[in-house]
Amino acid sequence: MFCGVIGIPVSLLAFFFLAGLHELQHLIWVAWPHDAGWADPPWWWALPMAVVPAVGVTLVVRHLPGQGGHVPADGLQLGGASKAAVPGVVLAAACALPWGVVLGPEAPLIALGGGLSLLFRDLARAPATRGSNQMMAAAGSSAAISAIFGNPLVGAILLMEIAGVGGPQLFAVMLPALLASGIGSIVFTGFGRWTGLHIESLALRLPDPPRLDTGDVVWSVLMAAALAIAMHFTLALGRRIAAQTTSRSWPLIAVCAAAVAGCVTLYALATGRSPAEAALSGQSALAGLAKDPHSWPVGALIAVLAFKGAAYALSLGSLRGGPIFPALFLGGAAGVLLAPLPGYGVIPAMAAGMAATSCAALRLPVSSVVLVALLVRHTGPLPLIILAVVVSLVTTELLSTATRRIQRSFPTRAHRER
């Protein structure tokens, strides 16, 4: 009951947090260019915008408790919720996400929900134990992210799989998380209608897919393996950058923020399209891609995969945000690019691509299946989604094992010196 009650204030604060990010992003990438006389942001727009994440995230990481949240290259994390970290998480997200950083809001929402739930628990003077801390953090995080995925079930399953609990402990975490997630979804829906404020939830509108055939299965398996390899090296680069920013945060965070803006600028110069397509989380661009995939020529798809993928790796290792939304966009774009292959289709290709990249980025197979299945809103591609997730996870694990063996065979310079 207490977790259900906590879901209400946490959802309200998370709603206004997301609404503020959405309004700021609209102001930066739509309103300001229109006021200056441009229909879309000019090619150089991302360069001056990079000053805010370069300075703001660095100051938060260096001076505020919690360092603005965990490094996105480490994946989503549920443990370590802290009341003291909430201001830094909010400021880091506000200084990064609306200004063009290629990350999503899900990781800040998890940290925000967990920290706020512990704060309200202490204000109510409820007992504080190790078990209650885990339960409260899971419930608060579920309530906070219940709307961003467009379905409260995704958030609850995602957090339960992150927690990695099983047996009786699973029910102890599952019931409060499901309850808070459902209440959070109701609060999000109600406040969106009452206030007129808008938050973007991840929802796609796809037509009914045709029946699956041999080409869909074969191409999905091959694409899932290729995307898993690409995501493995993207995340590895992000983790390598993260290891460097730990000791030299000021110059490297600033350099990485400028490099992200450079990738976005190069995409705009190479394609003549809006730089917003290669910037930000990709949430809005993914909805547009699903609605009208033929509006993206082959050159634009190749360019966005290259430049947004590079910006994604840089953002993962240095800035603050979540890894899910850009991974979904990259998988969807790869699916649209490969959909003209013989016997393939746009909807099966997008579904398999998003499933492969999300699983490779998160290492959470059940959450990836549920998320993509609910996004597609059709049961037809579900076998391809499951197949792509399994292939992606196995490929990623094999690559990780091979990488560890190579590292043991060729020790680093510091290891040799020790």
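Student: How many salt bridges does the count come to?

Tutor: This is a predicted model. A pair counts as a salt bridge when a side-chain nitrogen of Lys or Arg is within 4 Å of a carboxyl oxygen of Asp or Glu. One of the pairs is E277 with R273, and R363 with E397 also forms a salt bridge. By this rule the count comes to two.

Student: How far apart are the closest N and O atoms of E277 and R273?

Tutor: E277 has a relative accessible area of 16% and is buried. R273, at 23% relative accessibility, counts as partly exposed. The two residues form a salt bridge, and their closest N and O atoms are apart by 2.9 Å.

Student: How many residues apart in sequence are the parts that R363 and E397 tie together?

Tutor: R363 forms a salt bridge with E397, with 3.1 Å between the closest N and O atoms. R363 lies in the loop between α14 and α15, while E397 lies in helix α16 (residues 382-409), so the pair ties together parts whose separation in sequence is 34 residues.

Student: Is R363 buried, partly exposed or exposed?

Tutor: The loop that holds R363 runs between α14 (346-362) and α15 (365-376). R363 is not a glycine, although its phi is positive, about 60°. Buried means under 20% relative accessible area and exposed means over 50%. The relative accessibility of R363 is 31%, so R363 counts as partly exposed.

Student: Is L280 buried or exposed?

Tutor: L280 is placed in the loop between α10 and α11 (283-291). Its phi is near 65°, a positive value in a residue other than glycine. The cut-off for a buried residue is under 20% relative accessible area. L280 has 8% relative accessibility, so L280 counts as buried.

Student: On which residue is the kink in α1 centred?

Tutor: The kink in α1 is about 40°. After α1 comes G37, with a positive phi near 100°.

Student: Which residues does A94 touch, not counting residues up to four places away in sequence?

Tutor: A94 is found in helix α4 (residues 86-96), and it counts as partly exposed at 26% relative accessibility. A94 and Q25 are 69 residues apart in sequence, with a C-alpha to C-alpha distance of 9.6 Å. Leaving out residues up to four places away in sequence, A94 touches L21, L24 and W99.

Student: What accessible area does the nonpolar patch on the surface have together?

Tutor: The patch is formed by W38, W43, W44, L47, L266 and L269. L266 lies in helix α10 (residues 249-271) and counts as partly exposed at 45% relative accessibility. Together the patch residues have an accessible area of about 580 Å².

Conventions: Residues numbered from 1 in each chain as written. Predicted model: local features only at pLDDT ≥ 70, side-chain atom pairs only at ≥ 80, totals over all residues. Heavy atoms only, no water. Patch = residues over 30% accessible without salt bridge, like charges linked within 9 Å, V, L, I, M, F, W, Y side chains within 5 Å. Areas by Shrake-Rupley, 256 points an atom, 1.4 Å probe, with all protein chains shown as cover. Helix = DSSP H or I, 4+ residues; strand = E, 2+ residues; numbered from the N terminus. Buried < 20%, exposed > 50% of the residue type's maximum accessible area, 1.4 Å probe, protein only. Contact = heavy atoms within 4.5 Å. Bend = angle between axes of the 7 residues up to and from the residue.
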